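I opened this notebook to record what I looked up in one structure and in what order.

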Amino acid sequence: MVRLVISADGKDAYEGWRASFAEIAPDIEVCPWAGSKTDLAGVDYALVWQPGPGELAKMGNLRGILCTGAGINHLLRDPDFPHHVPLVRMGGEETCTLMADYVQWAAIGLIRDARTWARNQATGTWRNNPVFRTSAATRIGIMGYGNLGSAVARHLARTGFQVSAWCRTLREAGETALFAGQDRLPAFLGQTDILVNLLPSTQETRNLIDFAFLSLLPRGTGLINVGRGDQVVEVDLLRALDENQLSGAVLDVFVQEPLPDTSPFWSHPKITVTPHVASEASRPAQTEYVAKAIRQMEAGETPPLLYKPGRGY
Ligand code: NDP
């Protein structure tokens, strides 16, 4: 039987995973990690979010690492990360649906100026703020056209938005107008009313979204950041909002998480803050995804969403 070790914070989280695998994938033996007597040299796979530095290197016989998140940049900060072991990012249908729902909610909130309704409600103010932009008249530009970006693009196109996306590799993208490569970035940004960041955090994308970048957008664009916080230069974002280059921002990810009490984002009139919740699939959905990926690796097949070291994501 394949042995999977779970790096979860606290006994309850481990028990939840154990029960879920027992029901959905009884062919996989689940062992606890932190503070346990599990023989780490004897485990085949590890399911992790944020293991301590050097922890994964203690498992000398790992055949695969599965991350409970789609972003894996934090794992690669471990100087002892075992780069020779295949690393699989979280995916699956539920993950995509949750992200598409979140981005649709955020986009509608931006075009209807829902932030003003919330502020007025907080002060008991009844004031009409008519907004005349419809979804059909709104051009959404998605940075990243991978597992999540392409799912969000399809969903938003179905709901009537005009959708384009920016990525590295040009390919057929159905109704989505695809822009590829650094050269096409200005053209992509210049035709975007709401910009969605769904890029992975890599050397190339960190601090990408600075004031000069935001200045390439049409005046009054909205920003939705669901990628990673370190891709946005936060002081430049505040400047772009305060100078009306941006009309509003919905932010799910931040340079520092949890967002510190002192962050100006909490009370900024044009910013909506959510606590990194855009897309986290249910435990049963994650269990099915992980079990399928393990079975594929055991059969010598390539699992989906395999991290490619040369690419950085
Ligand atoms: P994928 O690896 O499937 O897709 C990444 C996309 O980014 C690809 O289209 C890729 O281009 C593009 N890309 C990467 N580097 C560049 C670059 N330098 N220039 C232009 N395009 C680039 O990732 P996912 O869709 O699964 O996830 C994306 C990110 O979303 C994750 O890394 C994570 O940070 C974030 N996320 C956030 C969540 C939340 O709750 N807020 C939840 C889950 C994920 P190409 O197609 O050409 O390879």
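**Entry 1. Overall form.** I note at the outset that this is a predicted model. I counted the secondary structure and found 8 helices and 12 strands in the protein chain. I then looked up the radius of gyration, which is 21 Å; the globule rule gives 20 Å for 313 residues, so the chain is as compact as a globular protein of that length. Along the principal axes, the C-alpha atoms fill a box of roughly 60 × 45 × 35 Å. I find that 38% of the 313 residues count as buried. Among contacts with a separation of 6 or more, 63% join residues 24 or more positions apart.

**Entry 2. Domains.** I looked up the division of the chain: domain 1 comprises 2-92 + 281-311, and domain 2 comprises 93-273. Their centres, taken over C-alpha atoms, are separated by 31 Å. I recorded 10 residues of domain 1 in contact with 9 residues of domain 2. The side of domain 1 that touches domain 2 holds 5 nonpolar and 5 polar residues, with no charged residues.

**Entry 3. The ligand shell.** I listed 29 residues around the ligand, of which Gly 71, Gly 146, Leu 148, Arg 168 and Pro 200 come nearest. Sorted by class, the shell has 12 nonpolar, 12 polar and 5 charged residues. I then asked which elements each supply at least two residues of the shell. They are helix H4 (147-158) and strand S7 (162-167). H4 gives the largest share, 3 residues.

**Entry 4. Helix H4.** Given that share, I examined H4 itself. H4 has 12 residues and reaches 17 Å from its first C-alpha to its last, close to the 16 Å expected at 1.5 Å a residue. Which residues of H4 are buried? I find Leu 148, Gly 149, Ser 150, Ala 151, Val 152, Ala 153 and Leu 156. Leu 148 also stands among the residues that come nearest to the ligand. The cover over the buried residues of H4 includes helix H2 (93-111), strand S6 (139-143), S7 and strand S9 (194-197). After H4 comes Gly 160, and I record its phi as positive, near 110°.

Definitions and conventions
Residues are numbered from 1 along each chain as its sequence is written. This is a predicted model: local features need pLDDT of at least 70, side-chain atom pairs count only at pLDDT 80 or more; totals for chains, interfaces and linings use all residues. A residue is near a molecule or strand if its C-beta atom, placed from the backbone, lies within 6 Å of it. Helices (H or I, at least four residues) and strands (E, at least two) are DSSP runs, numbered from the N terminus. Ala, Val, Leu, Ile, Met, Phe, Trp, Tyr, Cys and Pro count as nonpolar, Asp, Glu, Lys and Arg as charged, and the others, Gly among them, as polar. The radius of gyration is taken over C-alpha atoms; the globule rule is 2.2 Å times the number of residues to the power 0.38. A residue is buried if 20 or more other C-beta atoms lie within 10 Å of its own, exposed if 12 or fewer, and partly exposed in between; C-beta atoms are placed from the backbone. Two residues are in contact if their C-beta atoms, placed from the backbone, lie within 7 Å. The expected span of a helix is 1.5 Å times one less than its number of residues. Domain bounds come from an automatic or database domain assignment.
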